[in-house]
Amino acid sequence: MKTEIQENLERIRRTLPSHVTLVAVSKFHPVGVLREAYDAGQRVFGESRVQELQEKVRSLPADIEWHFIGHLQVNKVKYIAPYVSLIHAVDSIRLLREIDRQGGRVERVIPCLLQLHVAREETKFGFSMEECRRFLQDGEWRALRHVRIEGLMCMASNTSDTGRVRADFRAAHDFFEELRSTVFSGETTFSKCSWGMSGDYGMAIGEGSTMVRIGSAIFGERV
Ligand SMILES: *Cc1c(COP(=O)(O)O)cnc(C)c1O
């Protein structure tokens, strides 16, 4: 018999185009629940707290790709640098520099996305487009040999106004295209758009997402 998690995963996968990666957001759920998703074929998991991630990495199979999706504190980069597959929410130059430093220490190039602040809320982390443009044009990041900026991540406004949500994703995608044809022109690794969660991933895919971060629609509500 299929478990609920298996059914949820299958239902969601059926709706995703093949160029879209499903990141199963497993934060706050115990390892047994992740194991169920693993047994249903899921290999990409997203976590947002370093200590919780560390514990899960130790108890689950080594072929899992662990993505860090939350706000990452500079002093915690060292713990995840040896294995993290993608850091979604790089929101400061200081953080990018530290990821580079820790990547150097473990002899890795760590894939990163820059977090854009497109939502209306004041409290969200991330670069404004203007800050991001300035930072990328400045060029310091090109000297960072142990990070690779592979795209953008954003969260839409937390609102039931779907027009607003769509406008946020569209703005992020327009900006992605701008960067792809300017700062990153010729760099095929700049290819990832991480937007869309349980409530809005369909719309996000319509607005250029290549990576959806889905938690509650797979695992149920977090306890
Ligand atoms: C928790 C979280 C998600 C998943 O949210 P759901 O609504 O449960 O799908 C996605 N992205 C980030 C950054 C999160 O913190």
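Student: Which residue has a backbone N or O atom 2.8 Å from an oxygen atom of the ligand?

Tutor: Gly 215 does. This is a predicted model, where local features need pLDDT of at least 70, side-chain atom pairs count only at pLDDT 80 or more, and totals for chains, interfaces and linings use all residues. Residues are numbered from 1 along each chain as its sequence is written, and side-chain values use heavy atoms, with hydrogens and water left out.

Student: What is a polar contact?

Tutor: A pair of N or O atoms within 3.5 Å. Within protein, one atom must be able to donate a hydrogen and the other to accept it, and residues adjacent in sequence count only if both atoms are side-chain atoms. Take Ser 198: one of its polar side-chain atoms lies 2.5 Å from a ligand oxygen atom. For Ser 216, a polar backbone atom is 2.8 Å from an oxygen atom of the ligand.

Student: How much of the ligand's area does the protein bury?

Tutor: Accessible areas come from the Shrake-Rupley method with a 1.4 Å probe; for residues, only the protein chains shown count as cover. Taken alone, the ligand exposes 390 Å², and the protein buries 89% of that.

Student: Which residues are around the ligand?

Tutor: A residue is near a molecule if one of its heavy atoms lies within 4 Å of it. The residues around this ligand include Val 25, Lys 27, Ile 69, Met 153, Arg 213 and Arg 222.

Student: How many residues of each class does the shell have?

Tutor: Ala, Val, Leu, Ile, Met, Phe, Trp, Tyr, Cys and Pro count as nonpolar; Asp, Glu, Lys and Arg as charged; the others, Gly among them, as polar. The shell around the ligand has 6 nonpolar, 3 polar and 3 charged residues.

Student: How do I read buried and exposed?

Tutor: Buried means under 20% relative accessible area, exposed over 50%, and partly exposed in between (1.4 Å probe, protein chains only). Helices (H or I, at least four residues) and strands (E, at least two) are DSSP runs, numbered from the N terminus. Now look at helix α5, residues 93–105, which holds Arg 101.

Student: Is Arg 101 buried or exposed?

Tutor: Exposed, because its relative accessibility is 53%. Gln 102 is also found in helix α5. Gln 102 counts as buried because its relative accessibility is 3%. The side chain of Gln 102 makes a polar contact with the side chain of Arg 105, at 2.6 Å.

Student: What can I learn from residues apart along the chain?

Tutor: Compare sequence separation with C-alpha distance. Phe 169 lies in helix α7, residues 162–181, and counts as buried at 0% relative accessibility. Phe 169 and Ile 205 are 36 residues apart along the chain, with C-alpha atoms separated by 9.2 Å. Ile 87, in strand β4 (residues 86–90), is buried with a relative accessible area of 1%. Ile 87 and Trp 66 are 21 residues apart along the chain, and their C-alpha atoms are separated by 9.0 Å. For Arg 101 and Arg 166, 65 residues apart along the chain, the C-alpha separation is 37 Å.

Student: Where is Phe 28, which has a positive phi?

Tutor: Most residues other than glycine have a negative phi. Phe 28 has a positive phi of about 70°. Phe 28 is in the loop between β1 (21–25) and α2 (31–39). Phe 28 is partly exposed, because its relative accessible area is 32%.

Student: What is the phi of Glu 107?

Tutor: Glu 107 has a positive phi of about 55°. Glu 107 lies in the loop between α5 and β5 (110–116). With a relative accessible area of 73%, Glu 107 is exposed.
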